[in-house]
Amino acid sequence: MDIVVLVKATPVLEEAKITEDGKNLDTSELKFFMNETDTYALEEAILKKEKYGGKVTVVTLADSEIENDVNDMIYESYAKGADDGVIIEYSGIYLDPYAKAMIISDFLKTIKFDLVLLGAQSTDTSYSLLGQLIARHLDLPYTTLVSSVELNGNMLKVVRELEEGLQAVYEIPLPSLLTIQSGINTPRYPPFVKIRNARSRPIKRVSIEDIIKDPRSLVKVKRTRLYIPPSKGAANILKGEPEELAAKLAEIIRGVVPR
Amino acid sequence: MEIVCIGEIFNNDVSGPTYEAIYLGNELKREYGGKLTLIIAGKDLEKYSAKLSIQGVDSIILLDHPSLELYEQVAYTKAIAGEIRAISPQIVIAPYTSQGMDLLPSIAHEIGYTLVTYCQSLKFTGNGWIATRVIYGGKLLEDVEVDDKNIAVTIRPGDFPQLKQETGSTSVLKKSPEIAQGKMRPVGIVKPALEDIDITKYDVLVSVGRGIGSKENLEMADELAKILNGALACSRPIVDMGWLPKTRQVGSSAKTVKPKVYIALGISGATNHINGMKNSNTIISVNKDPYAPIFEISHYGVVADINDLLPLLLEELKK
Ligand SMILES: Cc1cc2nc3c(=O)[nH]c(=O)nc-3n(C[C@H](O)[C@H](O)[C@H](O)COP(=O)(O)OP(=O)(O)OC[C@H]3O[C@@H](n4cnc5c(N)ncnc54)[C@H](O)[C@@H]3O)c2cc1C
């Protein structure tokens, strides 16, 4: 079973800084890692490859500004067990899920696969839209929030996570697309030597212009403003030395905890 | 303005977020005038008619068919999209739930509307729409613009009230739609049976997130819970890592809790977590990041590293 895993590099954010135009995140001091649910999608692909054979191809669409972190993400995927890595690069443009879905779909038309996996949600923009749109473009059956996948012949038995602890079970044939929920497996941590050795392996680079002439024209949802939410000032925030904080916190707890 | 809300049946009842979609539909109706139609697909829906006939809903379309008992995207898409086409609304609103997340992209694709997911608020500009979205786990907001008078949106559960004032006077139309056959087949719904304590029954919950960092700290958190006669709960990553069973998870995909005191240790405050605990009487949060969104909904916040604070806190409480 040949599996494509779509992954995205997302930043770890403490204090957010916004660029001068008020529309973008200042990424100059941020470190990007593979989006959390994508790590589960990749692990699921590698587990299936180990069981049934085939190939795992990791595909990412990324801004060349964060090239180093994106390369690291692909090398780490190799170290975990991915066979091929593809970076579709763009630079200096804003892409919404519609543009991204079109670009990735057109790229997927050029390669062979039985299954496409990706994370159910990205920790940055939280659209949960890309996989669904790609599936519709490529006319693949899809389902989302998958928490278990079993293969029987050409048919997958998948479990979807619903609210309040309920789950729904579906049968879905290959080829298809699944968005993966966290907790489906335990992603492996490859040893450092493996990651270092992976650095000598090639990464395929594709420019979005090679896929689509005018990517800007595909954008339907334009960001007009990015900002820090106005604080409602709810909490009494305590700061200071741990000893002092522990004493104050103990006092607060004694005040509110019923006896 | 023609407004369509897509409701949903969950666990043999109208889902709470359905009422939030209706609330937003009503707000838009008040501001721009027009008509609000609620569409729901499923099986044996008539029994929900009264519950759905709430203030502001002008008409209800029940797409009722035995094959729609379990949610299946292709059949639901075809049935609901058909009704939406006939109404040709300016806006389609659905909750961003497990069903909405799966179904709305497909419906929007079918009817050729641009879908903006995970919206917190919405404005019509005359030529198009501006939606506000909560991103980066609550650390940032973005305004996005769609240059089209027609739009589909999903809204974040928990952002709008769930008003349920029944009127009984809404027109209800029951239809048996044609069923489209997809390649996928629903098999059933399961609820994994897990034996554990019921965290909804405790007055005090000590809840740990990824920031707890280690299993040793988890033991200290458990000790804190015991001192306070409470129970240990957690955010999702702790269950994902296998450190605690799913029965301890608080949030939209697990349990909703409302204890007297909720102590959050190393939890960032993602919507999916907050929706399960924000109505607790007193919320106390410890986080090393002063910008953590959890502080926005807390009554007391402590900016500290758990590794330093927790042992000292236990000492203090044992005094
Ligand atoms: C469909 C869906 C359903 C979901 N359902 C749920 C759900 O039911 N419940 C749920 O909880 N989540 C749910 N999630 C996941 C949710 O979106 C978040 O990813 C999750 O809540 C984050 O958990 P966290 O706060 O523990 O981790 P993080 O977001 O990683 O936050 C960790 C926090 O710990 C702090 N920290 C780190 N180290 C320390 C230290 N040493 N001392 C003090 N603080 C420290 C950090 O500053 C950070 O704020 C769901 C997601 C999806 C997509």
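Colleague: I'm new to this one. Which residue in strand 9 of chain B is the bridge partner of A:Val221?
Modeller: Keep in mind that we're looking at a predicted model. Strand 12 (residues 221–227) of chain A is joined to strand 9 (residues 140–146) of chain B, and A:Val221 takes part in that pairing. Its bridge partner in strand 9 of chain B is B:Val146.

Colleague: And how many bridges join strand 12 of chain A to strand 9 of chain B, and do they run parallel or antiparallel?
Modeller: Take residues 221–227 in chain A and residues 140–146 in chain B. The bridges between them number six, and the two strands run antiparallel.

Colleague: What area do chain B and chain A bury between them?
Modeller: The contact takes 83 residues from chain B and 79 residues from chain A. In chain B, the residues losing the most area to chain A are B:Tyr136, B:Met184 and B:Glu296, together 9% of what that side buries. Carbon and sulfur atoms carry 57% of the total, which is about 7,400 Å².

Colleague: How do the residues on the chain B side that touches chain A divide into nonpolar, polar and charged?
Modeller: Between the two chains there are 41 residue pairs in polar contact, with both residues at pLDDT 80 or more. The chain B side that touches chain A divides into 40 nonpolar, 20 polar and 23 charged.

Colleague: Which strands are at the edges of the ten-strand sheet?
Modeller: Follow the order 11(A)-5(A)-4(A)-1(A)-6(A)-10(A)-7(A)-8(A)-9(A)-12(B), an open sheet with mixed pairing. An edge strand here pairs on one side only, and that gives strand 11 (204–207) of chain A together with strand 12 (185–190) of chain B.

Colleague: Inside that sheet, which residue stands opposite A:Leu151?
Modeller: Strand 7 (residues 142–152) of chain A and strand 8 (residues 155–161) of chain A run antiparallel, joined by six bridges. A:Leu151 faces a residue in strand 8 of chain A, namely A:Leu156.

Colleague: What angle does helix 1 of chain A make with strand 6 of chain A?
Modeller: Helix 1 (residues 36–52) packs on the sheet and touches several chain A strands, including strand 1 (3–7) and strand 4 (56–63). Compared with the direction of strand 6 (115–119), that of the helix makes about 150 degrees.

Colleague: Which strands are at the edges of the six-strand sheet?
Modeller: This open sheet goes 13(A)-17(B)-16(B)-15(B)-13(B)-14(B), with parallel pairing. Within it, strand 13 (residues 204–208) of chain B is joined to strand 14 of chain B by four bridges, and B:Val206 stands opposite B:Leu232. The edge strands, each pairing on one side only, are strand 13 (236–238) of chain A and strand 14 (231–234) of chain B.

Colleague: Helix 7 of chain A lies across that region; at what angle does the helix run to strand 16 of chain B?
Modeller: Helix 7 of chain A lies across strand 13 of chain A together with strand 15 (261–265), strand 16 (282–287) and strand 17 (300–303) of chain B. To strand 16 of chain B, the helix runs at about 160 degrees.

Colleague: How far apart along helix 7 of chain A are A:Lys248 and A:Glu244?
Modeller: Their side chains meet in a salt bridge, 3.5 Å from N to O. Because the two are four residues apart in helix 7 (residues 242–256), their separation is about one helical turn.

How values were computed
Residues are numbered from 1 along each chain as its sequence is written. Chains are lettered from A and ligands numbered from 1 in the order in which they are written. This is a predicted model: local features need pLDDT of at least 70, side-chain atom pairs count only at pLDDT 80 or more; totals for chains, interfaces and linings use all residues. Side-chain values use heavy atoms; hydrogens and water are left out. Contact means heavy atoms within 4.5 Å. Buried area is the accessible area (1.4 Å probe) that two parts lose on being put together, summed over both. A polar contact is a pair of N or O atoms within 3.5 Å; within protein, one must be able to donate a hydrogen and the other to accept it, and residues adjacent in sequence count only if both atoms are side-chain atoms. Ala, Val, Leu, Ile, Met, Phe, Trp, Tyr, Cys and Pro count as nonpolar, Asp, Glu, Lys and Arg as charged, and the others, Gly among them, as polar. Two strands pair if DSSP finds at least two bridges between them. Axes are lines fitted to C-alpha atoms, for helices over the stretch in contact, and angles run from 0 to 180 degrees between N-to-C directions. A salt bridge is a side-chain nitrogen of Lys or Arg within 4 Å of a carboxyl oxygen of Asp or Glu.
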